[in-house]
Structures are given as C-alpha cells and as structure tokens.
Amino acid sequence: MSLIAFDPARRRWSLTTPRTSYVIGLTDDDVPACLHWGPRLTPEQAAALPGAVPFRASSFDESGVAEELLTEAGARYGAASLQIRFANGDTGVEWQHTGHEIEDGHLTILMRDRAHPVEVALHYRVRAGCDVVERWTEIRSEEPVTLLRCDSAAWNLPPLPGYRLSHASGGWAAENSVRRVELPVGETVLTSRRGITSHQANPWVMVDAGEAGEEHGEVWSAALAWSGSWRVTLGRTPSGRTGWTGGFGHEGVSWQGTAWSTPVFAGLYSDGGFGGASRTWHRYVNEHVRPAAGELRPLLYNSWEAVGFHVGEESQKRMAALAARVGAEVFVMDDAWFGGRTSDRAGLGDWWPNPERFPHGLTPLIEEVHRLGMKFGLWVEPEMVNPDSDLYREHPDWVVHMPGRPRTELRHQLLLDFSRPEVADWAHKWLHRLVSEHAIDFLKWDCNRTFTQAGPGDLLVGHVRAVYSILDRLRADHPHLRVEACSGGGGRTDLGIMARTDQVWTSDNTDAADRLSIQHGFTQIYPAGAMAAWVTDSPNPITGRRVPLAFRFHVAMAGVLGLGGDLPNWSERELDEAAELVAVYKDIRPVVQHGELHRLREAVQYTLGDRVVVLAFRRRGAFGAPGVPLRLSGLDPDARYRDEDTGAVHHGVLLTSRGLLPPFPSDDYASALIRLRKEQP
C-alpha cells in the first residue's frame, strides 16, 4: 500500500502509516476537511467514509465541517488558524482548490482565495515505518498583505464520549509537570508569549476520551517544532466536536509581506495509551528529527555547580583530573571564561578568553583535557549581551528595545536582535572562529532570558530562524561538533531545537527527587537519549535536599548521564562509588539511550534487543510497609529473563503479571537498578 493515495472521484486523499490512516476530503465548495484520523484503513474502507458536508452558514449552529485550516470567512465561530488582512480591508480566505502534488510521502494540497491573488499550500508528510503525520502551511501573495495569524495546522478528533487534555506546565526549575484535566466546553489556550518555548508550557498536547492509561486506550497527540513564541488553541463545542489549531506567534503579533512558511506541527494517533504515544514520538524524534541520534551520547562533566563564576586555568585542570578519574568523556567549562565575565553583570558579548584567568588562552586547558582522554566543551550564550561589555558600548542599537522606552534588563542582560542580518552574521562569525581556532567538540548554547519589547513585527520569528540558521551552518562547517540546547534549564525544549542539537538541558534543578517528575514530563514526547541529567552535590544547591549518591545516579541514569558536582569536595569513598556507577551506566547506556521506554509505577523500563533495564525509586519508606512488586511491560511472555547481577531467572509472563520486587535498601530515597537479559530458547 502506498503512503499517499488520491481518490479523484471522491476528491479525497488517504495518508497511510503502519498503524494509522489520515484522510482529507474536499466539500462541494472546496473546503478541505478531515474525514478520518485514527486506525489504519484499507482503500475500500477509506472510500466508504462519509464525505465532507458543505459549509453551512448559521446564526446558531456549527458548520459541521472539520476544517484542515479554519479561516475567518463566512459564519465560522472557532479560533481562526489563518487570518489575513488584504490591502482593501478584506479578511479571511474563501477556499478554491487548484490542484495537488504527491512526491513520495509528501502531499501538497493547493488552494487559493476566490477574490484575492493569494495561494495557500497545505503540506502533509508521512514516512515509511512511522505513524507521525507532519503538517505545515505555506502562503504566497502577489501583493503585500498583513498576516495576523498563520497556524501550521488544525487537527480534528472524531466524536468521543468525553475529552481529556494532557499537557505540560511548570516554571523555572520545575519544568514539564504533566496535567491531565477534562477539556472544558469552550476554548482552552496553551501558549508562550516569551520568545522562547518557555518553562511555563511546552508545545504539545495529548487528548483522549478520559479512559486511556499508560499502556491502553486511544490517544491523539500533536507537537510543534518551534523554539519561540507559540499558541495552541483547543476547542470543544457543546455538541461534542473537538479539535485544536496551533502554530508560531501569539496574539497581537502580525507580519507583512508576500510569502510565509510555518514550522511543522506533527501529529499522531495511538491505540497504545500514553506510553504507546510516547514511544511513537521517541522513534520519530530519533529517526527523523535529531541529527545524530544513532550515536551514544557521551558522559560529560560540567564545572558550573562546582565553581560558578570563579573560573581559572589551574582550577579547571584540577576539576578535569577528577572528572577523568570517575569516567567522564567530555569536560565542559561553563560560564565566566571570557571577556570581563566575573559575575552575571558584565562580559556577555565579549567572546574571547579572559586574559587574567587564561593568560595563555584556552589551549593549555584543552591540551590537558585531551591528555586526560576527554573531549573539550564550552558554555556560550550567543543571543545575549551585558550593558557592561565592549560589544554593547560599540553597538547599543543591536539589542531588542522600544525607542523612547527604558531598556528592560533581565539577569542584567539584554537580548541581541538576531532578526537583523548583520547581528546574526556577527554571531556566526565568532562562533565559527571559536570552534575553528580551538579543539572544541561540544557547545552548551544557553539563553538565559525571555524576549521583551519585541513589538508587533517579525522579530520574534526572524530571531528564532536566525538561531536555527547559525546552528545549521556551524554543524555543516564542523561535522564533529555536538551541541546541547539550554535556556535557563528547560526553557527551549521542542522539536525545532532538537532538529539542530544533540541533547537538551532538562532543568537547572538537579535535585534527584524533583527530577523524577521533570523527567516524567519530558519523556511524554521527547526521548531519553536527548535528556541531559547531572549528578550533583548533596545537599542540593537549589533545594537543600539530602539524597544518597546512588539515588542521584540512578535518577540521572534514566537519560544522558552527566556530572556536575563539586568533585574536589567529594570524599574518596564518594569518588570511588561514582566511578563504579559511571561504569555501570556505560554498560546500560545503549539500552537507555536507544531502547523503548516504558513508564512504570515509580520506575522506568528500557528494552533494546534481548536486554531490559529497570530503574526503580522509593522516595520515602514506611516502617513495616510491605513492598509492592513492579510489573514490567512489553516482555515476551514465553521467554525467560536472567538477572545479570544475581543470576536469578524469571519467566516473562510472571514479570508482567505478578511483577518483580525491587531490591531497595532500607533508607529513604532508595533506588534500585535491575539488568535483565532475555535467554535464548
């Protein structure tokens, strides 16, 4: 069966994935509408779908059309996906179909407005072996128009007995808290107006009938590939229709011109519950989004929490020696290596080694890191400038600001306007020079403030696209370079940034107990192989919580393990234990980073080939309370699994039906690592 089929008699297109189908049809008046988004259909079944009814204008009722992109034209009452203002004051689009194009798994449905010279291309892409449908929109006009809103796509659900919304919310150091609530009648808006993806929300949704669980039930989901301001509007009508529309930008932002292309807003249907939806997202991100997902992400040490702004050549060499001792593979020097950067009040924008701290430049430190057997990485924050910097004194006009208004400083810094070509070109040149002139293998790209005073124009979009372009050019010029995305922690986590980076700094909060919730939310959409997680000190520098070293390691092992503690103050026993746990992680790393993830009760399970890894946690134990066996998922019921550490043999059917009791120690914040290997019959 082909990925895309066109039925000319019925004027409908069928997109077929391994387990799902998405069918679009035209009404008699050329409105593109969703006819089916759900289980896979045969061509005969797709042909039997009821056709899309014509748009019906009414003062009181809904039109009944599940439109692929809702406009303002006619008696439409939902949140508009597309808002255009023409030179004569007309708004909206009155659809006229002009054709379509199919190339491999890419469908383009071509539309235009009946009264104005504006063309709208609705794009769909499906890939062999993948259940995700990618959608985006392109607009071309023969005359300049004002675009008030241009979403990537609108998604419509079939009638269900109820509707439950799952999404992420939170804040700095508390990202990715999963909320599951009944979707109310009316409109629900999820958004970031901050110029970045944001800590407060993340651009993905899942909707089910209120009956789905982690491993069962139907789930519809979508995620936006955009790292700036965004908006997703969900609507539920009193009569039971539900869907959402989403894309870049937010209210009050408009663009003028003759051509636009939106980011991808990808969607999927799963009958395997929230876990099934997550695993489909993980496969999609690893196979079609992340640039080097097939690699194993190395274990890095980052010096920030150990020294803060007190950076120097000799102290960094001492840190590097300890990092190598416990098994780190990349040494990353964080903030304060450059310019006059001795605090967060100065130096941003002056990207050369501080001559007092590094009198011979970075080369002696880099050579020592290499001698110790590690690669070298640096922290950078290219989009920002301190007013106390040579760059700002030379180019005060380069920052985002409103003329005549005080310039808003956050964290004592201002935002450089990358939508201006000369500013973006400056950033690319110094980054390219930095990587070219030094043996730099890794960059931690940070963005520590939100956008303010950006105005109503295209700065918010142009800036993000410039960030993308710089990263794309750097990677093309330096194929060995690997990049971690960071924005005050997890403030820039989305499919757009993941297409250009290798991992994401999940949160500035490294408290292992808090990280369980943060990582649970992250993995709803994003894979463990992109989730950077550090082991740091106890008590934790943010929360003050005291947690055993093994617990801290086991939590961080659930993603891309890293180290960030003040190693010179760790005891010999702690350093030895850390080295042992690092060795264990390197053994299980392929399973964690490339395996299938199942979220269990207070545990995560990874399966790759014949290996199964389980990381289980107990935050607080009650005296005398019986242990609860942990039921594993996705195992072969007829196979036997041998515990690699104890030699015990377990039947697959018993592991999934009766479970396994984790070997927790008796103290609070207890954890256990279980390694199983499927035995050959």
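Reply: Gladly. Let's start with a histidine in this predicted model. Beyond the neighbours within four places in sequence, His-199 is in contact with Ser-169, Gly-170, Gly-171, Trp-172 and Glu-175, and also with Ser-487, Gly-488, Gly-489, Gly-490 and Gly-491. His-199 sits in the loop between strand S13 (186-192) and strand S14 (204-208).

Me: Why is His-199 called buried?

Reply: The relative accessible area of His-199 is 12%.

Me: Which polar atom lies 3.5 Å from the backbone nitrogen of Gly-488?

Reply: That atom belongs to the side chain of Asn-448. Asn-448 is in the loop between strand S25 (442-445) and H8, and its side chain also makes a polar contact with the side chain of Asp-446 at 3.1 Å. Leaving out residues up to four places away in sequence, Asn-448 touches Trp-379, Glu-381, Met-384, Arg-411, Gln-413 and Gly-488.

Me: How do you know whether Asn-448 is buried or exposed?

Reply: Asn-448 has a relative accessible area of 19%. The cut-off for buried is under 20%, so Asn-448 counts as buried.

Me: And what about Arg-11: what makes it partly exposed?

Reply: Its relative accessibility is 27%. Partly exposed covers what is between the buried limit of 20% and the exposed limit of 50%, so Arg-11 belongs there. Arg-11 lies in the loop between strand S1 (4-7) and strand S2 (12-16), and its phi is near 55 degrees, a positive value in a residue other than glycine.

Me: Where does Tyr-669 lie, and is it buried or exposed?

Reply: Tyr-669 is in the loop between helix H13 (652-657) and strand S35 (670-678). Its relative accessible area is 9%, and buried means under 20%, so Tyr-669 is buried. Tyr-669, although not a glycine, has a positive phi of about 50 degrees.

Me: Why are H4 and H5 called roughly parallel?

Reply: Helix H4 (residues 313-326) and helix H5 (residues 363-371) pack at about 10 degrees, with axes 10 Å apart. Angles under 35 degrees count as roughly parallel, so H4 is roughly parallel to H5. Glu-313, Gln-316, Lys-317 and Ala-320 of H4 meet Pro-364, Leu-365, Glu-368 and Val-369 of H5. These residues divide into four nonpolar, one polar and three charged.

Me: How do you know that Leu-69 is buried?

Reply: Leu-69 has a relative accessible area of 1%. With the limit at under 20%, Leu-69 is therefore buried. Among its contacts, leaving aside neighbours within four places in sequence, are Leu-82, Trp-95 and Val-120.

Me: Which residues have the most contacts inside the largest nonpolar core?

Reply: They are Leu-82, Trp-244, Trp-281, Phe-331, Met-333, Trp-337 and Phe-553, in a core of 194 residues. Helix H8 (residues 459-477) gives the largest share of this core, 10 residues. A second, separate core has 14 residues, including Val-612 and Leu-660.

Notes: Residues numbered from 1 in each chain as written. Predicted model: local features only at pLDDT ≥ 70, side-chain atom pairs only at ≥ 80, totals over all residues. Heavy atoms only, no water. Core = buried A, V, L, I, M, F, W, Y, C linked by side-chain atoms within 4.5 Å. Buried < 20%, exposed > 50% of the residue type's maximum accessible area, 1.4 Å probe, protein only. Helix = DSSP H or I, 4+ residues; strand = E, 2+ residues; numbered from the N terminus. Polar contact = N/O pair within 3.5 Å; in protein donor to acceptor, adjacent residues only side chain to side chain. Contact = heavy atoms within 4.5 Å. Axes fitted to C-alpha atoms, helices over the stretch in contact; angles between N-to-C directions. Parallel < 35°, antiparallel > 145°, perpendicular 65-115°, else oblique. Nonpolar A, V, L, I, M, F, W, Y, C, P; charged D, E, K, R; others polar.
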